[in-house]
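User: I am new to this structure and would like to go through it by question and answer. Please keep the answers plain.

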Amino acid sequence: MFKAFLIKYGEIGIKGKNRYLFEDALIKQIKYALKDAAAFDVTKQQGRIYVHMLGSYDYDEVVAALTRVFGIVAICPVVICDDPSWDNLTKVVGDYIDEAYEDKHFTFKVDSRRADKRYPKKSMEINADIGEYLLERFPEMSVDVHKPDVMLNIEVREKTYIYSKSIKGPGGMPVGTNGKAMLLLSGGIDSPVAGYMIAKRGVTIDATYFHAPPYTSERAKQKVVDLARIVARYAGPIRLNIINFTDIQLAIYEKCPHDELTIIMRRYMMRIAEQIAREDGALGLITGESIGQVASQTLQSLAATNAVCTMPVFRPVIGFDKNDIVEISEQIGAFETSIQPYEDCCTIFVAKHPVTKPNIRVIERSEHHLADIIDGMMEEAVRDREVILCESDI
């Protein structure tokens, strides 16, 4: 029945003279999301974006793909009336209502837009005449112009578009409209959610994962690759940089106070991630840190971590409770993967009693014990990193 989908956007509509740039970015993301789902064509007409389906397609698959495209606030399945004659239009509208709504006991309102001014009837005439036709054909229906159960939309353009249902989209901004950032991705719950949330604001995402073989298994690494692919459902392809962090962790473990291990390791992770981010043209770092969740996420610990960065660090879940983060993780389909029992490198070298209020000067003195070896180790880790292009897994 539905030959097309009307794509509605939100914030893009207030972008003024630059709106076309955001519309074009949205169209690009729509094409990427649907590339394996069906044959289609995307058109832009007077502030409207339409996805025209070419031939048969799987409705549920197409809708699911579109609901993962940031920038879309609503997806409206559309019936197209190719013949604009009045008798044909009324029949198409009536047949649409008959097929779309098994139970006709509802109130409705007709809202038409005559973009093609050559059409002989004005919008108010279309509203009244279509409403009268539907009441005659379906007497169990009734009109309510204030709070109707069904809003029947009719848009008269080169063709006439008819729709009454709206499927909620994810909102946000199209990916690629707000620069690039580097996500520090672990195998936990928080960092995939952080990446998703920043991508929702139009930011392209790359990622860095710190792997510590043999203390972490290949299953742990694969888990992170799987998480990157889940985030890529929404963010588009993600370049995942896998850093062998074992030698650096062992050096920190051997030369630094054990209660400072977590903070010092975190500081070197940020240094390495920032270096890769600069090479990749990213403008900031993203982490899944939430205040007070663990010892390394107290305000003092976050300040000590930030001290080694010159790039801005974005922490979108900083004020979230764990339940809030879990809810989003489940919503985006990452939770079941995140809770798989494969340890990442952060959990192996954890002190029994980690410092929760680190003094930056004390931490810096401890890091001096690494001065003669750490630069070379970091250079080697960056140089020998593995890079995997992670695309959507569905």
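User: Is Glu23 buried or exposed?
Analyst: This is a predicted model, and the values below are computed from it. Glu23 sits in helix H1, residues 19-34. A residue counts as buried under 20% relative accessible area. The relative accessibility of Glu23 is 5%, so Glu23 is buried.

User: Which residues are linked with Glu23 in a network of salt bridges?
Analyst: Side chains of opposite charge can pair when their charged atoms come close. Glu23 belongs to a network of such salt bridges, and the other members are Arg19, Asp24 and Lys44.

User: How many salt bridges does the structure hold?
Analyst: A salt bridge needs a side-chain nitrogen of Lys or Arg within 4 Å of a carboxyl oxygen of Asp or Glu. Lys121 and Asp129 form one, with their closest N and O atoms 2.6 Å apart. The number of salt bridges in the structure is 26.

User: Glu155 and Arg157 meet in a salt bridge; what is the relative accessibility of Arg157?
Analyst: The N to O distance in this pair is 3.2 Å. Glu155 is buried, at a relative accessible area of 2%. Arg157 also counts as buried, and its relative accessibility is 7%.

User: How many residues apart in sequence are the parts that Arg385 and Glu279 tie together?
Analyst: The side chains of Arg385 and Glu279 form a salt bridge, with 3.3 Å from N to O. Arg385 is in the loop between helix H14 (374-383) and strand E15 (386-390), while Glu279 is in helix H8 (residues 261-279), so the pair joins parts whose separation in sequence is 106 residues.

User: Which backbone oxygen does the side chain of Arg114 reach?
Analyst: Arg114 lies in strand E5, residues 107-114, and is buried at a relative accessible area of 15%. Not counting residues up to four places away in sequence, Arg114 touches Tyr119, Lys121, Lys122, Ser123 and Val156. The backbone oxygen reached by the Arg114 side chain, at 2.8 Å, is that of Tyr119.

User: Are H5 and H10 roughly parallel or roughly perpendicular to each other?
Analyst: Two packed helices are described by the angle between their axes and the distance between the axes. For helix H5 (residues 190-199) and helix H10 (residues 322-331), the axes are 9 Å apart and the angle is about 70°. Angles of 65 to 115 degrees count as roughly perpendicular. H5 and H10 are therefore roughly perpendicular.

User: Which residues of H10 make the contact with H5?
Analyst: H5 passes H10 in a left-handed crossing. On the H5 side the contact is made by Asp190, Val193, Tyr196 and Met197. On the H10 side the residues are Lys322, Ile325, Ile328, Ser329 and Gln331.

User: Is the crossing of H7 and H8 left-handed or right-handed?
Analyst: The axes of H7 (residues 246-255) and H8 come within 10 Å and cross at roughly 145°. In H7, Ile248, Gln249, Ile252 and Tyr253 meet residues of H8 that include Leu261 and Ile264. The crossing of H7 and H8 is right-handed.

User: Which residue does a cis peptide bond join to Pro214?
Analyst: Pro214 is placed in the loop between strand E11 (204-211) and H6. The bond has an omega of about 0°, and the residue joined to Pro214 is Pro213.

User: How far apart in space are Gln222 and Tyr342, C-alpha to C-alpha?
Analyst: Gln222 is in helix H6, residues 218-235, and is partly exposed at 36% relative accessibility. Gln222 and Tyr342 are 120 residues apart in sequence, and their C-alpha to C-alpha distance is 9.6 Å.

Terms used. Residues numbered from 1 in each chain as written. Predicted model: local features only at pLDDT ≥ 70, side-chain atom pairs only at ≥ 80, totals over all residues. Heavy atoms only, no water. Buried < 20%, exposed > 50% of the residue type's maximum accessible area, 1.4 Å probe, protein only. Helix = DSSP H or I, 4+ residues; strand = E, 2+ residues; numbered from the N terminus. Axes fitted to C-alpha atoms, helices over the stretch in contact; angles between N-to-C directions. Parallel < 35°, antiparallel > 145°, perpendicular 65-115°, else oblique. Left-handed = near helix turned anticlockwise from the far one by under 90°. Contact = heavy atoms within 4.5 Å. Polar contact = N/O pair within 3.5 Å; in protein donor to acceptor, adjacent residues only side chain to side chain.
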